[in-house]
Amino acid sequence: MSERVLVIGSNGQIGTELVAALRLQYGQSNVIASDLKLPLVANEPFATLDALDKTALYNLVKKENITIIYLLAAMLSATAEQQPAFAWKLNMESLFNVLELAKEKHIKQIYWPSSIAVFGPTTPRTNTPQYTIMEPSTIYGISKQTGERWCEWYYNKHQVDVRSLRYPGLISYTAAPGGGTTDYAVHIFYEARKNNTYTSFLDADTALPMLYMDDAIRATLEIMNADSSKIKIRSAYNIGGISFTPAQIATEIQKHIPNFTINYMPDFRQQIANSWPQSIDDSYASNDWGWKHKYNLQEIVGIMLANIK
Ligand code: NAD
Ligand code: AKB
């Protein structure tokens, strides 16, 4: 019998593409998309679900015979700094709800994404190692670091098969990003197409690690499909891809749109970006389950501009 998969937070930047990829693997009817609100485009099977409502979650898992949960509902870095108390509640309680379901053997596997936000200003910023100083300075980062510790604890104490990746900034054109610090690297393409100009909320030379969405989805499926014996890290794996600055992505865009211009007006997100790694050492993911990114900056810019009209 096929696995039955529930994606929580399916209407977001990642969920929109992850649901499609999961349906290719498991079959359309075996992947239930769910979110607080209905999707803009029909996405059946779909259920309205609040990840904080433990009873509703339990009922849905039972009704649909769910075996695997992908928990994507969360508040991202920039928005979380504006609503710290609710961000903490959403990011932590939703995770506990699914970890407890697995502990009680109602489901058998969980995917929960972490982030480069687990690192902080005291972390070495280039080629940031898997194991290093982690003193995150944002509520989002603190919630992700705490979540990682809980995931590892549930694995060690209760054999919960939970797997996680520390995504860098993700670049895609299917759904808009949801309130992060790396969002500029998506917004810039829409503004380039619409107005030929972009005002960046990060300074010209702010380097951050990034990944094209296809690579991120592939990494997610690879870690989830890997034999359990290969998953040696049950907190979350570093995964890297590329690294670039606003000035560098602008230069690449100018190769397609020669009159494109960029201005810089850094806001509170600059401080968040300054506390994050500039590039990531993902050798543990490579060695343990064969991770390797595919898309470089040139390719990403070409794909984004080809798909945004
Ligand atoms: P997003 O903000 O685009 O999507 C989140 C979705 O969750 C939204 O559709 C929202 O409606 C839904 N949601 C919010 N509260 C909910 C609730 N109570 N119940 C059910 N659904 C709820 O986020 P995303 O970019 O798709 O990120 C998904 C996960 O990946 C998050 O955990 C995020 O921290 C992590 N992540 C994302 C990135 C990135 O660059 N996109 C990078 C690192 C980590
Ligand atoms: C954000 O900027 O908050 C996210 C992330 C890197 O976790 N894109």
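Tutor: In this predicted model, strands β6, β8 and β12 make an open sheet of 3 strands in the order β6-β8-β12, and the pairing is parallel. Two strands pair if DSSP finds at least two bridges between them; helices (H or I, at least four residues) and strands (E, at least two) are DSSP runs numbered from the N terminus.

Student: Which strands stand at the edges there, and why is one side of each left without a neighbour?

Tutor: The edge strands are β6 (114-115) and β12 (237-238); each has a single partner strand, so one side of each lacks a neighbour in the sheet.

Student: How many bridges join β6 to β8?

Tutor: There are 2 bridges between β6 and strand β8 (residues 165-167), and these strands run parallel. S115 has Y167 in β8 as its bridge partner.

Student: Before we go on, what conventions apply to the numbering and to the model?

Tutor: Residues are numbered from 1 along each chain as its sequence is written, while chains are lettered from A and ligands numbered from 1 in the order in which they are written. Because the model is predicted, local features need pLDDT of at least 70 and side-chain atom pairs count only at pLDDT 80 or more, whereas totals for chains, interfaces and linings use all residues; side-chain values use heavy atoms, with hydrogens and water left out.

Student: Which helix lies across β8 and β12?

Tutor: That is helix α7 (residues 213-225), which runs at about 175° to β8. Axes are lines fitted to C-alpha atoms, for helices over the stretch in contact, and angles run from 0 to 180 degrees between N-to-C directions. Contact means heavy atoms within 4.5 Å.

Student: At what angle do α1 and α7 pack?

Tutor: Helix α1 (residues 13-26) packs on α7 at about 50°, and the axes are 10 Å apart. That angle makes α1 oblique to α7; angles under 35 degrees count as roughly parallel, over 145 as roughly antiparallel, 65 to 115 as roughly perpendicular and the rest as oblique.

Student: Which residues of α1 and α7 meet?

Tutor: From α1 the residues are Q13, I14, E17, L18, A21, L22, Q25 and Y26, and from α7 they are M213, D214, I217, T220, L221 and N225. By class, this contact of α1 with α7 has 8 nonpolar, 4 polar and 2 charged residues. Here Ala, Val, Leu, Ile, Met, Phe, Trp, Tyr, Cys and Pro count as nonpolar, Asp, Glu, Lys and Arg as charged, and the others, Gly among them, as polar.

Student: Now the sheet of 6 strands: what is the order?

Tutor: The order is β3-β2-β1-β4-β5-β7, in an open sheet with parallel pairing. Its edges are β3 (46-48) and β7 (162-163), each with a single partner strand, so one side of each has no neighbour in the sheet.

Student: And how many bridges pair β2 with β3?

Tutor: Strand β2 (residues 31-35) pairs with β3 over 3 bridges, in the parallel sense. D35 of this pair has T48 in β3 as its bridge partner. Helix α2 (residues 54-63) lies across β1 (5-8), β3 and β4 (68-71), at about 155° to β1.

Student: Where is the cis peptide bond?

Tutor: It joins E44 and P45, with omega about -5°, and P45 lies in the loop between β2 and β3. Most residues other than glycine have a negative phi, and most peptide bonds are trans.

Student: What is phi of K105, then?

Tutor: Phi of K105 is near 65°, a positive value in a residue other than glycine. K105 sits in the loop between α4 (84-103) and β5 (109-111).

Student: How do α4 and α5 pack?

Tutor: Helix α5 (residues 139-158) and α4 pack at about 15°, with axes 10 Å apart, and the two are therefore roughly parallel to each other. Their contact divides into 13 nonpolar, 5 polar and 2 charged residues.

Student: Last pair: which residues of α6 meet α8?

Tutor: Y184, A185, I188, F189 and A192 of α6 meet P246, I249 and I253 of α8. This contact of α6 with α8 has 8 nonpolar residues, no polar and no charged. Helix α6 (residues 184-195) and helix α8 (residues 246-254) pack at about 30°, with their axes 11 Å apart.
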